[in-house]
Amino acid sequence: MTQQPHSTGTTGDSTVLEAEVTTATADTETTAAKEIVGRSPARMAFLRLRRDRASVVALTVALLFVLAAVLSPVLSGIEGWGPATPDLHGIDPDKGNFPIGAFGGISGSHWLGIEPGTGYDVFSRLVYGLRTSLMVALIAALLSTLLGVVVGLASGYFGGKVDAALNWVMNIMLAFPQLLFIIALTPVLTSAFSTNAHGGTSETLQLGSIIVIIALFAWAYTARLVRGQVLSLREREFVDAARIMGAGWKHMLFKQLLPNLWAPILISFALAVPTNIATEAALSYLGVGVVPPNPDLGSMLDAATQYYLYDPTYMVVPGVALLLVVLSLNLLGDGVRDALDPRANRA
Amino acid sequence: MMRNKRAMALTAIAISVAMGATACGGSKGGSAGSSSDQVTKGGTLVYYAPSDFDHIDPQRTYTTQGQNIGREIYRSLTGWSQSASDPTGAPKLVGDLATDTGTPSNGAKTWTFHIRPGVKWQDGTTVTSQDVKYGVERSFDPDLSGGPQYASQWLANDKGYKGPTKSGDLASIQTPDASTIVFQLSQPVSDFNETTAMETFSAVPKAHDTGVTYDTSVYSDGPYEIKSYTKNKELILVRNPQWTKAVDPLRDQNVDEIDVKMGQDQAAIDQLMKADVGEAQNAIIEDPIAGTDLTPFSQDPTLKSRWHAIAAPGTNYLAINTTTVKSLQVRQAIEYAINKQTVRGAFGGSAYGQYATVFLPPGTDGRQASAAPYGTNPTGDVAKAKALMQQAGASNLTMSLAVEATPTQEKVADAIRDSLAQIGITVNIQKIDRGSYFNNIGNTSNKYDLIWADWIADWPNASTILPPLFDGRQIIPQGNQVFSQLQDKAAEAAMDKAAAEPDAATANQEWGALDVQMLQNDAAAVPLVYMTFNELQGSKVGGLTDDTVLAEMNLAHVYIKK
Amino acid sequence: MTRYLIRRLLSAFTVIAVVSLVTFLIFFALPSDPAVLACGKACTPDRIAAIHHSLGLDKNIFVQYADYVTGFFAGRTIGDGANAIHCAAPCLGISFHDDSNVWDTIWGRFPADLSLALGAAVVFMVVGVALGLAAAVRKGKLVDKFAVGLALFGISTPIYFSALVLQFFFVDKWQWLPAPNYTPITQDPAGWFQGLILPWAALVLGSMAYYTRLTRSTALDVMGEDYVRTARAKGLSRGKVILKHTLRSAITPIVTIFGMDFGALIGGSAIITETAFGIPGIGQLAVQSVLNVDLPVIMATSLFAATAVVLANVLVDVVYGIIDPRVRYA
C-alpha cells in the first residue's frame with residue numbers, strides 16, 4: 001500500500017485534480033467533514049467514538065501495542081533476553097543457525113521463538129521494533145500534518161499567485177515516483193549526517209533522516225485536503241462576516257479558519273500514522289531503513305523472506321504484529337472520521 | 001579471483017564430508033558426471049542465472065560465471081584441462097589456443113607461445129597471433145572496464161598505453177609471424193602461463209571489435225557462437241560450424257544450443273532445480289545454492305545424485321586493519337575470540353565448508369594442513385582472548401566492521417559483533433551495497449577496522465593468494481586489496497624469495513611456512529571458512545566436470561541425455 | 001477544451017521537467033561513484049578519471065543535464081573515438097552498468113508492468129466497486145461486515161507480507177501454482193497467467209479497499225437522497241435505483257483514483273510487488289539502478305513513472321468532461 005500515491009487511506013484527499021474541476025465533483029469528498037464542523041463540539045464526537053464497538057476494540061489493541069512499545073525494556077527484562085543477545089544454545093550452527101525446536105524455537109524462555117541466523121530473541125526484538133516504528137510514524141505524521149496544514153492554509157486563504165505556486169509544488173510532489181525517491185534519498189541523508197569514528201551511526205540521526213524523508217513525501221496530501229476545505233470555508237457567511245468587519249489575516253486564519261479545520265486535520269493525522277508505519281517498515285524491508293542491530297519489523301520480514309520456507313514462525317510473528325498495529329490504527333482512524341462525520345452513519 | 005556476483009561467495013561449501021578435494025569426490029553422486037552414460041549429441045542446455053553476466057567480453061569479464069561461459073565461445077592461450085571420464089579430477093594446465101604451455105626465457109621475463117594451426121573464427125578465417133595481441137591490448141583500454149589487470153601490471157613499457165584504438169601498437173607484445181606471440185614482462189613471472197589461462201589472453205579480431213558493445217557480439221573461435229543476446233534477459237549460443245574437435249584439446253561440442261535465461265530470483269531458481277520437471281531437467285545453475293536453502297538441500301537424499309560440491313581455491317576471511325588496530329595483542333585477541341561456528345552457521349551451516357585454521361585453502365601446494373596458530377576449536381578461546389586484551393591494556397574498544405548488505409552477511413556480521421562483545425569490543429556494522437562492496441573497502445580512506453572479504457585465487461598457487469592480500473608494497477589508495485594494510489618487511493622479503501625460487505616444491509614450502517608465520521606474527525586477518533560451491537544440475541544433464549580452478553561446473557564436455 | 005488541454009499538457013510538461021532536474025541533482029548527491037563501480041577491483045585513480053571522462057561525468061552538472069535533454073529530442077553520440085555509441089532520439093542514454101540502450105531496456109520491461117497493471121487494476125476496480133455496492137445495500141449485514149473487513153484488512157497488510165504468505169501456501173505448501181514469474185503473453189499465455197496470479201492477488205488485496213470504501217459511502221449517501229426515495233416511490237426497484245445513482249455519483253472519484261492507480265502501476269510504482277515476487281518490471285529496474293548508481297537508468301525510470309502519473313491525470317480530466325457534463329474546463 002505504500003506504493004499507492006493516495007495511501008493516506010481516505011478517498012477524498014487523493015484527488016489531485018479537484019482544483020481543475022468545478023466544486024460539484026469535489027463535493028462528494030469534502031462535504032461530509034465540512035458540514036459537521038462548527039456544529040458539533042469535540043465532545044459529541046468523542047461520545048460517538050466511544051459508542052462504536054469496533055473503535056473501542058481498535059483503541060484497546062492500539063493502546064496495548066503502544067504500551068508494549070513504551071515498556072519494551074521492562075518486558076524484555078521480564079522475559080530475560082535482550083534484543084541483541086544471542087542464545088547460542090538455541091540454534092544449530094551446523095544446520096545454518098536454524099532455531100532448535102518446533103515453531104521457531106518457541107518456549108518458556110523465548111515466548112515468540114528465536115531468530116534464525118543470529119539466535120536473538122524474537123519477542124524482545126518485536127517490542128523494541130514496535131517502539132522504533134511507532135516513534136518514527138508518530139513524529140513523521142506530526143511533521144507532515146503541520147507542514148501540510150501550513151501550506152494548505154496559505155494556499156487556500158491567500159489564493160491567486162501564492163495558491164498557484166503552492167499548488168504547482170504539490171502537484172510535483174504527488175507526481176514523484178515516491179518510493180523510488182525515498183530509496184534514493186535515504187542513503188544520501190544518512191551518509192551526509194551520520195558517520196563518526198569507527199563507523200558509529202547515531203541512531204537519532206538515522207531515525208531522524210527516515211522521519212524527515214517520510215514526512216517530506218506525505219505533507220502534500222494533507223495540504224491538498226486542507227486547501228480544499230479552506231476554499232469552501234472562504235465562501236461561508238461567518239468568514240465573510242469576519243472579513244467585512246475588517247479582521248486581519250492572522251485573525252482570519254487562526255480564529256476563523258483553523259478552528260473549523262480540526263476534523264479533517266485530525267482525520268488526516270490519524271490515518272497518516274498507520275501509513276507511516278507501513279512506509280517505515282517497507283523502507284527497512286527494502287534495506288534502506290533502520291540499521292541492524294536495531295530491531296525493526298520491516299527488516300525482520302526482510303530476513304524472513306530468506307527463511308520462510310523452513311521457519312514460517314519467523315515470518316508469521318513480525319508479519320501479524322505489523323498487520324495488527326496497522327489494522328488497529330486504521331480502524332481507529334476510521335472511527336475518528338466517522339465520529340467527526342455523523343453523515344456516514346445515517347441511512 | 002574476484003567474484004563480482006558475491007551471491008556465490010555467500011553460499012556454498014562442502015558437506016560435512018569435508019577435506020578439500022575429497023569433499024567433491026565424496027559428495028558426488030552417480031549420474032551427475034559418470035562416464036557410464038552414453039554421450040549423446042543434440043539438445044539444448046538451459047542455464048538459469050539470477051542476473052546477467054558482468055561481461056562476456058573476454059577482456060572485461062572478471063567473474064567465474066562470465067569466464068566459464070566465455071570459454072565456450074573463445075579460447076585463451078592456455079587452459080585447464082579436465083577429462084569427462086574423471087569429472088572430479090584436478091584440472092591440468094595445457095595449451096589451448098597455443099600449441100603448448102609456453103616457453104619462458106630471459107629468466108621468465110620473456111614468454112613465447114605458438115598459435116595452434118587450424119583454429120578458425122566463426123567466419124572461417126584463421127586465428128592469428130595478431131588477433132591475440134590485439135585482444136590483450138584491449139585490456140588496457142579504460143573504456144573497456146572490468147577484467148583482471150595482470151597484463152598492464154606485468155607487460156613492460158606500458159606507461160600511458162590506452163589500448164589499440166587510442167594508443168595503437170603495444171611494443172612489449174611482439175608477433176614475429178602469424179603464429180608466434182612473444183610477451184616482454186617487466187619482472188620475472190614464473191607462472192605467467194597460468195595467467196594466460198585467464199580470458200584476458202583471448203584473441204579478438206580487430207575487424208569485428210565493436211568496443212564497449214563487444215559483449216553482445218563477441219566473435220567466436222570456440223565451439224559455440226552467439227545467436228542472440230538480449231542483455232539481462234537471454235543469451236543463446238549455437239554451434240560454431242567452423243570449430244573442429246581436432247584442434248581443441250579441452251572441449252566437446254555435444255549440445256546444439258546453450259540457452260542462458262536471466263533474471264529469475266535465486267530462491268525461485270533453487271526451487272525449480274529441486275523440482276526437476278520439464279525444462280529444468282536440462283538445466284544447470286552457476287550461482288551456488290545459497291544461504292537458507294543450503295542445509296535443507298544438502299541434506300536432501302533425493303538431490304544427492306545431482307549435487308556438485310566444488311571445493312573452491314578460496315578463503316572467507318576477516319581482515320583486520322593494522323593501521324587502526326595497531327596493537328598486535330588486540331588483533332590476536334580477535335583471532336581467538338571469533339566464534340567461527342556461528343559465523344559458518346550464518347553462512348548456511350556445515351555444508352558451507354570447513355573451518356579455516358590457516359589462510360591458504362586446502363588444495364594449495366605447500367599448505368601446512370596441521371598448523372593452527374589459534375587452536376582448532378571453532379568456537380574460539382574467549383579466556384585467552386580476554387587475557388590478551390588485558391595484556392594490551394585495552395578495554396571498551398569500538399570498531400567498525402564492513403560487510404555486504406545481504407541478509408546472509410548481516411547475520412555473519414551479527415555473529416562477529418556478538419563474539420567480540422564478549423571481550424569488550426563494540427562493533428559497528430557497516431552494510432555496503434553488494435555491487436560496490438569491493439570498491440568501497442578498496443578505498444583506504446574509508447578506514448574500516450574490520451573488513452569481511454573472500455578471495456579465490458586467479459589460478460591455484462599461493463603466489464596469487466598471499467602477495468595480493470598481504471604485500472604492503474601493493475597498498476594503493478583506491479582499488480586496494482591489501483585490506484589489512486599490513487606493512488611487514490620480513491614477510492615481504494620472504495614473498496620475494498618464494499616468487500623468485502625456481503624450484504616449485506621449495507617455493508610452495510616457503511609459501512606454506514610464510515602463511516603460518518604471518519598469522520602468528522601479524523594477525524592481520526582471521527581466516528573464517530574455506531569455501532565450497534554447491535551447485536545443482538538437472539537430471540538429464542551429463543558430462544559436467546567439477547572445475548576447482550573457477551569453482552564452477554565446467555561445460556566443456558556437457559551433453560543432454562536422451 | 002483544446003485550450004484547456006494545451007494548458008494541462010504544458011503544466012504536465014513543467015512537472016516532468018522539474019522531476020527530471022531534481023532526479024539529476026539527487027543523483028550527484030549519492031554517496032557512491034558510478035565510475036568506481038564500473039572500474040572493477042584493481043582500479044587506479046587514473047582509470048577512474050578516464051571512466052569519468054568517458055561517462056561524461058567530468059563535465060559541469062548543468063552541461064550534462066543539457067546534453068541529456070538535447071539527446072532526448074535530437075539524439076546524441078555518447079563516448080568518443082572508436083568506442084562511441086550513437087543513441088538515436090528519443091535518447092534516454094546508455095546504461096553505465098551494462099552499456100545497453102536505456103530506451104530499449106525500458107520498453108523491453110514495459111510489457112511486464114502493463115501485464116501486472118492491467119490484470120490487477122481491472123480486478124481491483126470491478127471487485128472493489130461490487131463489494132462496496134453489496135455492502136451498502138446490505139448495510140450492517142454479514143456482507144457489509146465482510147466487505148468492510150476485507151477492505152481494512154487489505155490496506156493494513158503490507159504487500160511483502162501477503163506476498164510471502166501467498167507464496168508459502170499456494171506455491172510451496174499446496175503446490176497449486178508455479179513460482180511467480182513473468183512469461184511474455186506472446187510466448188506462453190498460460191504461463192503468463194499462472195505466473196502473475198499471485199502478484200495480481202497481492203495487488204488486488206492491497207488496492208481494492210479504496211474502491212470498496214468509496215463506493216460504499218457514496219451509495220449510502222445516495223440512498224439517503226430525496227430523489228432516490230422519489231424514484232422508489234415511483235415503483236422503481238431499489239437495487240436498480242441505487243446502482244444507477246450510486247454509479248453516477250461515484251464515477252468521478254472512481255475514475256480519478258483508477259486513473260492515478262493505473263498510471264502509477266504502469267509507471268512501475270509496484271516496486272515492492274515486483275521485488276517480492278521477482279517480476280522484472282520497471283519498478284525493479286528502478287531499485288537496481290539506484291543500487292548500481294546508474295544515472296541514465298535512474299533518470300529514465302523516474303521520468304517514465306512521473307510521465308505515466310501526470311499523463312494519467314490529464315487523461316482523467318479529459319474523461320471527466322465526457323462522463324460528467326457539469327464539469328467545465330476553465
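Helices (H or I, at least four residues) and strands (E, at least two) are DSSP runs here, numbered from the N terminus. The model is a predicted one, in which local features need pLDDT of at least 70 and side-chain atom pairs count only at pLDDT 80 or more, while totals for chains, interfaces and linings use all residues. Residues are numbered from 1 along each chain as its sequence is written, and chains are lettered from A, with ligands numbered from 1, in the order in which they are written.

A residue is buried if 20 or more other C-beta atoms lie within 10 Å of its own, exposed if 12 or fewer, and partly exposed in between, with C-beta atoms placed from the backbone.

Turning to the domains of chain B, the assignment gives domain 1 (33-263 + 543-560) and domain 2 (315-532); such bounds come from an automatic or database domain assignment. The C-alpha centres of these two domains lie 32 Å apart. Across the boundary, 11 residues of domain 1 of chain B are in contact with 9 residues of domain 2 of chain B, a contact being a pair of residues whose C-beta atoms, placed from the backbone, lie within 7 Å.

Two residues of chain B have a positive phi without being glycine. Asn106(B), with phi near 55 degrees, lies in the loop between β4 (103-105) and β5 (110-114) of chain B. Ala551(B), with a positive phi of about 55 degrees, is placed in the loop between β18 (545-547) and β19 (552-554) of chain B.

The nonpolar cores come next, each a set of buried Ala, Val, Leu, Ile, Met, Phe, Trp, Tyr and Cys residues joined through C-beta atoms within 7 Å. The largest holds 193 residues, and those touching the most other members include Ile183(A), Ala304(A), Tyr160(C) and Leu265(C). Domain 1 (2-96) and domain 2 (103-323) of chain C both give residues to this core, so it lies between them. Leaving aside neighbours within four places in sequence, Ile183(A) is in contact with Leu286(A) and Val288(A), and with Val287(C) and Val290(C). A second, separate core has 155 residues, among them Leu237(B), Leu519(B), Met531(B) and Met553(B).

Chains A and C can be described in a few numbers. Chain A has 14 helices and 2 strands, and 60% of its 347 residues are buried. Chain C has 13 helices and 2 strands, and 52% of its 330 residues count as buried. Among contacts with a separation of 6 or more, residues 24 or more positions apart account for 72% in chain A and for 65% in chain C. The C-alpha trace of chain C spans about 85 × 60 × 35 Å along its principal axes.

Confidence is given by pLDDT, the predictor's confidence in each residue, from 0 to 100. In chain B the mean is 87, and 93% of residues reach 70 or more; confidence there is lowest in helix α1 (residues 7-11), at a mean of 27, and highest in helix α10 (residues 328-337), at 97. In chain A the mean is 79, and 82% of residues reach 70 or more. Values stay under 50 over residues 1-35 of chain B and over residues 1-37 of chain A. Where pLDDT is low, the predicted coordinates should not be read in detail.

Conventions: Contact = placed C-beta atoms within 7 Å.
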